[in-house]
Each structure stands twice: as C-alpha cells, then as structure tokens.
Amino acid sequence: MGAAELNTAPISQDQLPGEDTVQHGTQQFVTFAIGTEEYAVDIMQVREIQAWTEVTVLPNQPNYMRGVLNLRGIIVPIFDLRRRFNQGKTEATSIHVVVIIAVNDRIIGILVDRVSDILTVDSGEIRQVPDIDENDESEHLIGLVTAGERMVALLDTGSLFKRDIINTNISAAEEALADKN
Amino acid sequence: MDDYAQFKATYFAECAELLGDVETQLSELSTGSQDPEVLHAIFRAVHSIKAGAGAFKYVQLAAFSHEFEALLDRMRDGRIAVTEEGVSILFRASDILSAMVESAENEETLTPDFGKEILDEITFIVKGKVTEAAAEDDTAESSAEGAQNEAEASPDSQTLYHIKFAPKAELFKHANEPLLIIRELKSLGELKSIANLDRLPPLSKMDGEEAYIAWDFILKSTSRFDEVEEVFEFVTDDCTLDITVETAEAVEDVIEKIDEAPIDQAAQPSSAANAGAPKAQAAAKVTSIRVDLDRIDRLVNMVGELVITQSMLSQQTSDLPSEQFPNMVRGLEELALHTRELQESVMAIRMQPVKSVFSRMPRLVRELSAKLGKKVTLTTIGENTEVDKTVIEEISDPITHMIRNSLDHGLESTEDRIAAGKPETGNVSISAEHRGGRIVITISDDGKGINRAAVLSRARERGLITETATPSDEEIDNMIFAPGFSTAEKVTDVSGRGVGMDVVRRNIQALGGRVSIQSTPGKGSRFTMTLPLTLAVMDGMIVQAGGSKYVIPIPNIVESLRPAKDSLKRLPNGQKLVSIRGEYIPLCALHEVFKIKNAIEDPAQALVVLVESEEFGTTGIVVDELIGQQQVVIKSLESNYRPVLGISAATILGNGKVAPILDIEALYRISQKNLHKSSPSSNGDASGGNDTDLSPALAGELSGSIASSTDIHLQSPG
C-alpha cells in the first residue's frame, strides 16, 4: 500500500518550504482555486488530478470530508477545501477537480473548483503569512507567493488534515463520536 | 554501507529456516527416532549455517558451528552413540547456535566465551570418542586418523600427500570450481598435479554438463592432514576424494603409473556410461524461489483490482444481446473464468503450512515441562494444513498462550496423575484441519479439566454473574475467557499473569475467528479455535440503507427476515425488540447508528438481518434491503484515513465504489450507548409510533432476561 503503488514518480515527499527540489533554488507548485482564491501545493506532493466522481460517505466523518474514493485499490479520503476553510460546502459537479496528494506516507484528495497552472517560484519570493488572521486559517499556510496580479497561498497539507489522517487509534475515533453526540 | 547487506539478509532468512529445520529434526530425534536421515538433515543444516558464517566472517558462529558439525558428523556415522544425554547436548547446542545467529544478524558482539560450556562439552565428547574409534578401526579411515596424528606429531617435517580427486557433475552445479581448489592446495606447499582423463569420452559423446576429468595430486607440505582435508570441505559430497599419506617411493610409482595409463583408456566409450551414473543422483531440482512479501502483496492487490474491473465489465455488458455480439459475450465469460482462476492461484501463493508455527511448540513444551516438573508428550497433527500468511503471523501468540495454559493449569502434577490412576506422562496435542472454508485448530490435554466450582465461585466473586444465576456447564467453562479471570491460586511465571484467556479470545476475534473450550472433569480439556483461511478476502452480504451500501460479514449472519408488524416491541428505555419464535431479540437500526438519511424508518417495511456475536449474542440489524452475497477483498481504511467506529474495514464493489464493512460488535455498542443517552420520551417521538408498547410487567421481565443473558456472556455493553 502507499505511494509506491501509484505510477507517478515518487521522487521525494518532502514538502518543507525552501527545500530545493528544482535547481537554482526554485520550487514548483501546482495551483488551484476555490472561487477567486488561489492555493498551491508543492508539485512533488501531487500524485494525480482527476474529475470529481461520487464518493462513499463514511459515518461520523468530519463535515469537511466528502467521503472515500477507490484509487486503483487504495482507499483515499477526499476533503472539501472550501468547507475546510469554513466557506460553505462545494456543490460538486463533474467539472470540479480532485487533487490527489501525498502527505508523508498517506494519500489524500482535495476537492477544489479548478486547477490553474504550475508555478515556478524562487525560494526568496515566498513571503511570510501576515499574522493578523482571526480564524486561525493562516496556521495551515506556509507562505504567500505573488504570480502576476494574483496572490497564491501555499498550503501546509500536513497540518490542515492532521486530525483526520494522523489519529491511528480507535479511541480517538470514539472520542470524535462522543463529541458529536 | 555494507555491500553484502542483501546477501546477508538472504543468509539470515535461510538461517531462520535452517534453525527451524534443526528444531523439528531434533524433536524427532528426541522421540527416539532411528532414522539416519534425521541426523543427516541436522548435519546439512548446521553445515550450511557454517558455510555462510565463514563467507561473511562471523568467526565465532563459524567456529561454534564447526564443532557442532563435528559432533553431528560423528553421531551420524555411528562413532558416537546417540544417547538421551547426547540429544540434550544437541538441543542446547542448537539454542546457542540460534543465539549466535541472532546476534550476528543484529550485529551485536557476544562475549568470547559465550557458549563455551557447551563447546567444551562437545569437544570433550568428540575428542574422547575419536581416539577410541581410531584404535578400534582398522580401515583406511583409521590410517587416515593415524596419519593425522603422525602429521600433528611432527609439524615441522614435510609430509607427502597423495590426493585422488574426482569431481562429480554436481560439484559444478553447485558453482564450485576445481581450479580454485587446486590453487588453494598449491598454497599449502609443493604441488604436482596430474590430470586423469580416463573418463573422458570421445567428443561426439560428450555431455556439456558432465564432469569427466579427475586429478591426482602429490602435495609436499608441512600442513596437517585435517588442513589438507579442509581444502575440499565444501565439495566433499560432490566428488570422490581419497587422501593418503605416502612415502616418497610410493609416490614415484603412482606418478609413473598415471603417466602410462591414460592414452589407451581414454577413448573407451564405457566411461561415458560410468560418468552418466552420478547424474541420476544429482540433487533434486530447485522447486521454490524466495520472493519478497511486498511483491506478493502488490500482486494480490492488482489481482483484486482486476477482479473488480472484470465484475464491473460484466455488470455493464450483462444486457448485451449475445446473438449480436457472440464473440464479445464469449470473451467476457472467459475473462470471468480466468480472473477467478488467477485470483485463486494468487491467493494460493500466500498460503503456508501451519508447520512454521507448530514447529516452535515442541521446544516450548520441553522448556515448560522442565520448569514445571511435569512429564509431557506433545503430538502435532495436520501441520501441513495451509493458511494465509497473514493468519500464520497472528496465530502464533494465541497458540503459545493456550499451550502454556494447558501445561500449567490443565495437566496435573506427576503425583496427582499417579494418584488419579493416569499414566505419569501427560499428553497435549495440537491439530489443524480445514473445515468449511475455515481452519480449525484444536489444542487438547488429558489433564484434570476445568474446576467448575472454582470458576463459578470466582465468577461470583468478581461480579461477573449474579449470585442466583445458574449457568450451564458449558457456560461455566467458557467463563475462563472473561476479562481479568484467572483461577490459578498462585500466579506462576508460566501463565496466569492476569492477562489471560480474555486476551487470547480478543486477539482471535479480531481476526474474525472464534474460540471455545470443551472440558470433561478428570479427563481433560479441549480448546477449539476456528479462523478464516485468509484475512485478505471475506464472504460478505451487501446490504443497503438510505442509498448507501454496506457489507456484513457472512460468518456473523444467522438469518434475515422481514418482521411482521405485531412482532415488533419496545422496552421503556427505547430498546426495540423483535420477537422471533418466542425469543425477544434486540434491534439495532443501521440508519440510526450511522445517521443515514432517506432510509426506511419502519422495521416492518425494512429487513432485519440477524447477526450473532460471542460478545452479545444475537441482535437484529435493520437495513433497507439485501443486495446480494459476494466475496469481497478487504481494504484498510486506516492506511490513508483513521479508524471509524462501527466499521472494521472497507471493500470495493463491482461498480468501483467503496463500501464499508460493518463491525457488528461496535455497532451494537454504539446503539446501546445511544440508548442510554436519549430519554425514553424523545425516543417515542422518533420511533414513528409503529411499535407496540409493552406492558410494564412484561417489559420488566424482558429486561431482566436480557440482562441475565448478557451476564452469561460476561460482557456488559458499554
């Protein structure tokens, strides 16, 4: 199980900011959008991109999770990025896109409106996130990048879905259930 | 990094197997087997370990195995008698050998005198008996020994050795090279080599894989006899070898004779026939290969995918008119056939005999019986029964624990046995067999059986059952699986450390298995555990609730039915019941537990699947409808997500969608928890008024009977 089964090149799963994965201190990011907001993840994390299909809903899943998907025999949880950022549920259609990414040794999918392009950024161009955010969203960002007129936020996927993919024991799941009741 | 890491890994994997073999063969030997093949097998295993140890320069391991091998060698040719004492030394030596292999594998260093005691013992036996043998025997062997002694006596003087060396075809097959041996001989002293071409056939009759050339060597060396012999160490089985010590004149004769001989004999066709003889004895062809488990897992996964794709294809094309597309339809049918066969063969790759687990038990029994001072014979039956690798890994601990339990608590002490008129030696047997697509493993002993009075009083003491309850004998016996239950008066270091049979049962249940015990007082007890043959696939019933599909494991299902309206009842606490053939069975609605929308609320319109569990007995799961039965491939949710309460794993259906597999025991617990939380009045609103409210008196009686039934099963919900 795991990344080895996916036939995209699993060269490196590091996603540390400033890590030189491309020569001359540049990094490449895949950018995608929710409405007018643009986000990006390190290209080395991206395993594949596919159109939205119906997923299987699991009981007691978090509200920003859409369900699980069969990715060639691996069961992959799919998260709604818009809902994760508390901007309402995405009314997903077949033109919506799921970006399958690797977070450490786990594979997850993020539902977004569309994928924009690939951004090559000099490590020096990554700006700090200003610390004026009141709803704690900025703690899941590792930096900001300007691409022409647009501002792109670089996602820290590890921290974004930490609760859902790091809990390994059933008692945590039970707690989650108890919270809901 | 270590360039040889890969080879070392292979070596240690082999060592583990070889040590297992040694263990098995030693057990055979200790039962008094006279079969010479047993000693040969042990010898070969130790020899292989030694060879590898030498190659990787594990000096201590090589030195020890060398001595061990020497002892075995003398035992197998009868120079040292195989006594009980001797076998016990062999056992201890094999323990030391395992420890050494383990430390070599972990790259630890052992103290130089590790295992010295046993080594000294071996050396004593070997040296002591050798001189005896040499004195008695009058054969070439003894003259060789004599020569050895002679050589040892005067180490500085040069000795003339006459070595006749005729390689067999196997020598080359085992990738040995005579040239290297000759070079090594040459390093010992002055070497004269004469090739003996007697066996060489005419070119037309030559077989490329045969060995035709033999050599005569005259070696003038200061080396001792055994040092010369050692050059041929790895090829002794694959050649004809004769080493003698010669006087100078005799050597001259030999050289002359050889010089004359070959020319007229070489062309004789009969030699080709002679050379053909060893070919028949050639070692059996290699019939197995070593494959990384990851690769097999990947194969199994991909075949699982193929099966899903195939069933999707057949679903999509099921309404294809066969008269219009005859080839297409036939092709799809064949595809279905082949995928099923492919899946079966792939699953068979992972099947392994339970022998690998069973073979560890004789040693356990030997050690325990020594510790407990009981005489025990262990019988194993059906050790070639095959089961999936994933199951093998998991059954070792439960079996070990049950054997410990049988020896410690089951069998009486020797005095008690004699007093009870039983044979002094206790019997424990472990057997495995296939039954109905599952593997059944039983562990039985002829001990005293379960002390039911003690169990019952302990159960009352611990509050596991009420004072007034009168459980049946069988129920009492199975109480030993209750959590925290131990009847042993004192805690021994063998078993009875508080973590007892409850852990065993939980582990077995986690594998989808069951365990039970039958006991006859004074006659003995028998544990029976049944397990699925594989943890990779399972028979499942696909059910639907509110548009979502779920899988219920078939082994849990008793029956399914659409309940009549008047058979549905409700307790004041909101617990719904269905009455079937006079029994009241609690209901657990899937849509309520999982909060599924658009499901059928009224059980009389829906379906009830009766499931059984050792934890809570029978319960009815309410679903919308049954879709069908199917073999499902079990997929982990945890590898990319987290565990989900009420769901044990997931599978992929024919349409490529994921379906959760229900964990019915967790479902029951959730429904009980929900019951305690919600007040009866709110429950009444939600129930839709379809249920007949029971009269308080009947309700009281019912809740009492349910409570007592949970008591008997020793698991109170929540």
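Tutor: A residue is called buried if 20 or more other C-beta atoms, placed from the backbone, lie within 10 Å of its own, exposed if 12 or fewer do, and partly exposed in between. The model is predicted, with local features requiring pLDDT of at least 70, side-chain atom pairs counting only at pLDDT 80 or more, and totals for chains, interfaces and linings using all residues. Residues are numbered from 1 along each chain as its sequence is written, and chains are lettered from A in the order in which they are written.

Student: Why is strand S17 of chain B called largely enclosed?

Tutor: Six of the seven residues of S17(B), residues 583-589, are buried, so the strand is largely enclosed by the rest of the structure.

Student: How do you know that S16(B) and S17(B) pair?

Tutor: Pairing requires at least two DSSP bridges between two strands. Strand S16 (residues 576-580) of chain B and S17(B) have four, in the antiparallel sense, and therefore qualify as paired. In one of these strands, S17(B), B:Pro586 is the bridge partner of B:Leu577.

Student: What makes H3(B) roughly antiparallel to H4(B)?

Tutor: The axes of helix H3 (residues 59-76) and helix H4 (residues 84-105) of chain B come within 10 Å and cross at roughly 155 degrees. Angles over 145 degrees count as roughly antiparallel, under 35 as roughly parallel, 65 to 115 as roughly perpendicular and the rest as oblique, so H3(B) is roughly antiparallel to H4(B).

Student: Which residues of H3(B) meet H4(B)?

Tutor: Among them are B:Phe64 and B:Phe68, where contact requires C-beta atoms, placed from the backbone, within 7 Å.

Definitions and conventions: Helices (H or I, at least four residues) and strands (E, at least two) are DSSP runs, numbered from the N terminus. Axes are lines fitted to C-alpha atoms, for helices over the stretch in contact, and angles run from 0 to 180 degrees between N-to-C directions. Two residues are in contact if their C-beta atoms, placed from the backbone, lie within 7 Å.
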